2 protein chains.
Amino acid sequence: MVFYLCTEKIKNMVEQLLAHRTIRKYKIQPVEEEFLEKILQAGCRSATTGNMQLYSIIVTTDEENKKRLAPCHFNQPMVVNAPLVLTFCADFNRFNKWCRVSEAEPGYDNFLSFVTASIDAVIVAQTVTIAAESLGLGVCYLGTTTYMASRIIDILKLPKGVVPVTTLTIGWPDEDPEQVDRLPLKGIVHKEFYADYTEGDIASMYQEKENRPENRKFAEENNKKTLAQVFTDIRYKKSDNVLFSNMLLEVLKDQGYMNQESIIE
Amino acid sequence: MVFYLCTEKIKNMVEQLLAHRTIRKYKIQPVEEEFLEKILQAGCRSATTGNMQLYSIIVTTDEENKKRLAPCHFNQPMVVNAPLVLTFCADFNRFNKWCRVSEAEPGYDNFLSFVTASIDAVIVAQTVTIAAESLGLGVCYLGTTTYMASRIIDILKLPKGVVPVTTLTIGWPDEDPEQVDRLPLKGIVHKEFYADYTEGDIASMYQEKENRPENRKFAEENNKKTLAQVFTDIRYKKSDNVLFSNMLLEVLKDQGYMNQESIIE
């Protein structure tokens with residue numbers, strides 16, 4: 001079993017999780033079918049709401065299909081360069097079909113059902129990520145999936161009831177990046193009740209991030225006075241967020257997840 | 001380091017992931033602070049959109065607070081019996097505050113931002129789950145979190161910009177359940193394009209599930225002709241889904257995530 005050799009160096013799972021880095025550059029080397037199947041199997045063992053498995057995974061390895069998907073992800077180079085692109089979808093289509101062949105009338109055409117299925121899909125994506133990393137593979141999440149969901153639906157031929165939620169690019173690492181910064185744990189975790197942040201809390205919590213040379217450089221290169229302005233004015237602009245919000249809500253309607261008004265009990 | 005002893009039996013991470021089971025019964029024994037911190041740290045190392053860390057984690061260990069949360073989760077006994085209850089929230093509040101002290105105007109009061117932050121929160125929850133399981137702890141997801149989000153917001157004192165997305169109960173296992181069934185992988189994974197299911201596909205895919213003695217018993221006990229009817233008529237009813245959909249959309253509005261109409265570019 002070639003499969004187990006790669007993981008011998010992993011002595012402790014928590015150590016692996018603490019060593020997580022996003023890998024965006026991959027060797028020109030396919031991921032063996034055996035590995036793919038193993039990480040997908042691991043993913044599908046994850047917790048799922050009521051054991052309904054409200055997700056589907058679309059595997060893209062074909063070069064032409066990767067090129068079709070790339071613009072949906074703002075042409076980030078990982079999409080065409082990764083040997084594997086996995087699109088994780090919220091999926092009530094399969095479950096609804098099962099209900100209908102089982103003399104049961106499904107009532108999953110509403111917003112809660114979309115949220116439930118999305119949570120299921122993300123849980124699977126993260127398990128697949130961790131399984132892949134444990135085999136030495138590198139993984140990158142594409143947050144762009146929900147921005148251009150309607151184009152992805154067309155390209156991957158997703159039927160009603162299926163909405164893409166997140167995407168992973170996976171391959172053998174061809175880079176060895178430093179770990180990026182994270183906020184101190186005490187800024188994320190609240191004991192018993194949410195303790196809202198004072199300006200002082202925020203300042204001390206974000207100090208390290210702001211002072212990192214790479215982050216200072218990032219702000220300078222973008223001609224911004226503060227790092228936060230790079231986020232609000234360039235990377236995640238209000239106008240884009242609003243546009244993509246409306247597009248995504250339209251997708252949910254089209255895919256049959258916004259019928260909660262029509263209830264007659 | 002007591003910490004590492006527990007994981008010696010874990011030879012291979014993928015094997016652990018494939019062995020996943022939900023644990024709902026816990027020993028009356030606290031989870032050491034050192035363990036809690038380690039699994040939370042592992043969680044916060046996970047991938048996060050643009051390194052924004054759009055989540056918060058509320059740790060409930062106080063008995064009174066667990067009792068307050070229990071009805072939000074339909075009084076499932078895990079909530080009061082688990083030593084640890086972790087509520088994972090989509091959180092743009094912290095990031096927005098950072099923007100405002102940094103002379104940046106955040107534009108994250110819209111639906112896309114909620115979805116993005118939710119994905120972040122679920123990724124963390126699943127990493128915490130896997131970290132906990134690697135230490136020998138047992139974990140159960142509570143899908144009820146989004147049903148009663150507004151009550152959870154009140155109890156945990158979540159400010160605007162913070163929405164609970166999922167909850168984990170965690171403790172030392174006091175049961176050793178069988179693994180439950182899963183659909184065959186080929187029913188979940190699609191190569192290149194979504195291959196929609198025929199009635200025959202559905203029948204063969206769900207055959208094992210339907211024929212399992214525990215599932216047959218489950219349908220009988222509920223006086224239902226088919227297993228699917230237990231889902232549609234009892235466990236996840238349309239009327240409940242519609243009610244909770246409308247409540248959740250109201251929560252998103254209240255928490256400041258539905259302002260995408262107001263855009264002026």
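Residues are numbered from 1 along each chain as its sequence is written, and chains are lettered from A, and ligands numbered from 1, in the order in which they are written. In this predicted model, local features need pLDDT of at least 70, side-chain atom pairs count only at pLDDT 80 or more, and totals for chains, interfaces and linings use all residues.

**View 1. Confidence of the model.** Chain A has an average pLDDT of 94, and 94% of the residues score at least 70; pLDDT is the predictor's confidence in each residue, from 0 to 100. Over residues 1–11 of chain A, pLDDT stays under 50. For that stretch the model has 13 contacts beyond four places in sequence, where two residues are in contact if their C-beta atoms, placed from the backbone, lie within 7 Å. The scores of the model are ipTM 0.95 and pTM 0.95.

**View 2. The two chains and their contact.** Chain B is superposed on chain A by a rotation of 180° with 0.0 Å of shift along its axis, at an RMSD of 0.0 Å. This is the relation of a two-fold axis. Copies are superposed by least squares on the C-alpha atoms of residues with pLDDT of at least 70 in both. The contact takes 106 residues from chain A and 105 residues from chain B. On the side of chain B that touches chain A, helix α7 (residues 111–134) of chain B gives the most, with 13 residues. That side has 53 nonpolar, 34 polar and 18 charged residues. Ala, Val, Leu, Ile, Met, Phe, Trp, Tyr, Cys and Pro count as nonpolar, Asp, Glu, Lys and Arg as charged, and the others, Gly among them, as polar. Of the interface residues of chain B, 100% are also interface residues in chain A, so the copies meet through the same surface.

**View 3. A helix pair between the chains.** Helix α9 (residues 199–211) of chain A and helix α6 (residues 93–101) of chain B have axes that come within 10 Å and cross at roughly 90°. That makes α9(A) roughly perpendicular to α6(B). Angles under 35 degrees count as roughly parallel, over 145 as roughly antiparallel, 65 to 115 as roughly perpendicular and the rest as oblique. Axes are lines fitted to C-alpha atoms, for helices over the stretch in contact, and angles run from 0 to 180 degrees between N-to-C directions. Helices (H or I, at least four residues) and strands (E, at least two) are DSSP runs, numbered from the N terminus. Glu199(A), Ile202(A), Ala203(A) and Tyr206(A) in α9(A) meet Lys97(B), Trp98(B) and Val101(B) in α6(B). This contact has 5 nonpolar, no polar and 2 charged residues.

**View 4. A helix pair within chain A.** The axes of helix α8 (residues 149–156) and helix α12 (residues 238–254) of chain A come within 9 Å and cross at roughly 45°. That makes α8(A) oblique to α12(A). Ala149(A), Ser150(A) and Ile153(A) in α8(A) meet Met247(A), Leu248(A) and Val251(A) in α12(A).

View 5. The open sheet of 5 strands has the order β3(A)-β4(A)-β2(A)-β1(A)-β5(B), with mixed pairing; two strands pair if DSSP finds at least two bridges between them. At the edges stand β3 (138–142) of chain A and β5 (189–191) of chain B, each with a single partner strand, so one side of each is left without a neighbour in the sheet. Strand β2 (residues 84–91) of chain A pairs with strand β4 (residues 162–171) of chain A in the antiparallel sense over 8 bridges. Thr169(A) in β4(A) is the bridge partner of Val85(A).
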